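Good morning, and thank you for coming.

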Amino acid sequence: MDVLKAINISGSGLTAQRFRMDTIAQNIANADTTRTENGEPYRRRVPVFSSKNGGFLSHLKNSTESGGVRVTGVVEDQSAFKQVYDPNHPDADENGYVNYPNVDLTQEIINMMSASRSYEANVTALNTTKSMALKALEIGR
Amino acid sequence: MTARIFSGISNLEKALDTAWQRNKVIADNIANVDTPGYKAKMIPFEQDFDQALSSVKMKKTNPKHMDAQLDTLTARVITRNNTSMRYDGNSVDIDAEMVDMAKNNILYNALIEKVARELRRIKTAVMEGRG
């Protein structure tokens, strides 16, 4: 009965969902950023999750047990920028069009709700684990 | 003698271990609810238990003999590959996982209660009913 491992699994879920939330906040904050360090408009960022396996020992035992979730990286959304006609904008091209970031606010808000719900689910799982561990301490009282 | 006193508890211990394992598997499923391609896992302990009970029994010539299959029964984790209702290939059903977790929590608490009671009964016997 490894109390800490079960709690760590839920903890990794909390970390991953919070990271996803951070990425979404970054996307929303930069929804109108037309200029970044590399000269392009801001590109929407997406976190990539993968399940963590139980380490070397679990491979040795050929077990399917895994140990939570891991953020393997952040990739940039390669979809096209939004073009808006605004000749007076300092970032307008020769035809008067400005490239705006490929951030879709509706999509971001929906992702934010999803992240928030997943975070809550992980909190519930963690609380259940905690209450089970505490209940086990009552044996022999 | 002492081994027989605690034989009831050792069966409960196995059930407790399984319930804890299952809690871990459910926590893992919930943590990976947004991981593309992740397949939900489960512990089919009840089915295994029923199967072990209904399968062929060995002949017992002494009341101390135990059923071998029950004795060696361990929790195994299986992966649910067949159910995927999402476009990202993930097969975690968050509502089902929450229900399983609540059920498992109640089962675990009930088992703990049973172990505690068993221990209190032994204690009463040891204290000659005065404890």
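I begin with contacts in chain B, where contact means heavy atoms within 4.5 Å. Among the contacts in chain B between residues at least 6 apart in sequence, 76% join residues at least 24 apart.

Before going further, a word on the source. This is a predicted model, in which local features need pLDDT of at least 70 and side-chain atom pairs count only at pLDDT 80 or more, while totals for chains, interfaces and linings use all residues. Residues are numbered from 1 along each chain as its sequence is written, chains are lettered from A and ligands numbered from 1 in the order in which they are written, and side-chain values use heavy atoms, with hydrogens and water left out.

Let us stay with chain B. Its secondary structure comes to 5 helices and 2 strands; helices (H or I, at least four residues) and strands (E, at least two) are DSSP runs, numbered from the N terminus. Along the sequence, the pattern of chain B reads α-α-β-α-α-β-α. Of the 131 residues in chain B, 34% are buried. Here buried means under 20% relative accessible area, exposed means over 50%, and partly exposed lies in between, with a 1.4 Å probe and protein chains only. Chain B exposes about 8200 Å², and carbon and sulfur atoms supply 57% of that area. Such accessible areas come from the Shrake-Rupley method with a 1.4 Å probe; for residues, only the protein chains shown count as cover.

One residue of chain B deserves a moment. B:N29 is found in helix α2, residues 7–31 of chain B. Is B:N29 buried or exposed? B:N29 is buried, because its relative accessible area is 0%. Leaving aside neighbours within four places in sequence, B:N29 is in contact with B:Y38, B:A40, B:K41, B:R80, B:V92 and B:E97.

I turn now to the interface. In all, 36 residues of chain A are in contact with 29 residues of chain B. The two chains bury about 2500 Å² between them, 63% of it on carbon and sulfur atoms; buried area is the accessible area (1.4 Å probe) that two parts lose on being put together, summed over both. How many salt bridges are counted between chain A and chain B? The count is 1 salt bridge, where a salt bridge is a side-chain nitrogen of Lys or Arg within 4 Å of a carboxyl oxygen of Asp or Glu. The side chains that meet in it are those of A:R20 and B:D34, at 2.8 Å from N to O.

Helix α1, residues 3–29 of chain A, has 27 residues and reaches 39 Å from its first C-alpha to its last, close to the 39 Å expected at 1.5 Å a residue. The expected span is 1.5 Å times one less than the number of residues in the helix.

Next come salt bridges within chain A. A:R44 forms one with A:E108, the closest N and O atoms being 2.7 Å apart. This pair links distant parts of the chain: A:R44 lies in the loop between α1 and β1, and A:E108 in helix α3 (residues 105–136), 64 residues apart. A:R44 counts as buried because its relative accessibility is 8%, and A:E108 is buried, with a relative accessible area of 1%. Salt bridges that share partners join A:R44, A:D77 and A:E108 into one network.

Finally, consider the strands. Strand β3 (residues 82–85) of chain A and β4(A) run antiparallel and are joined by 4 bridges; two strands pair if DSSP finds at least two bridges between them. A:V84 stands opposite A:V98 in β4(A). Which residues form the covered face of β4(A)? They are A:V98 and A:Y100, whereas A:Y97 and A:N99 form the uncovered one. A:Y100 itself is buried, with a relative accessible area of 18%. Leaving aside neighbours within four places in sequence, the contacts of A:Y100 include A:F81, A:V84 and A:H89. A:Y100 and A:Y42 are 58 residues apart in sequence, yet 7.7 Å apart in space, C-alpha to C-alpha.
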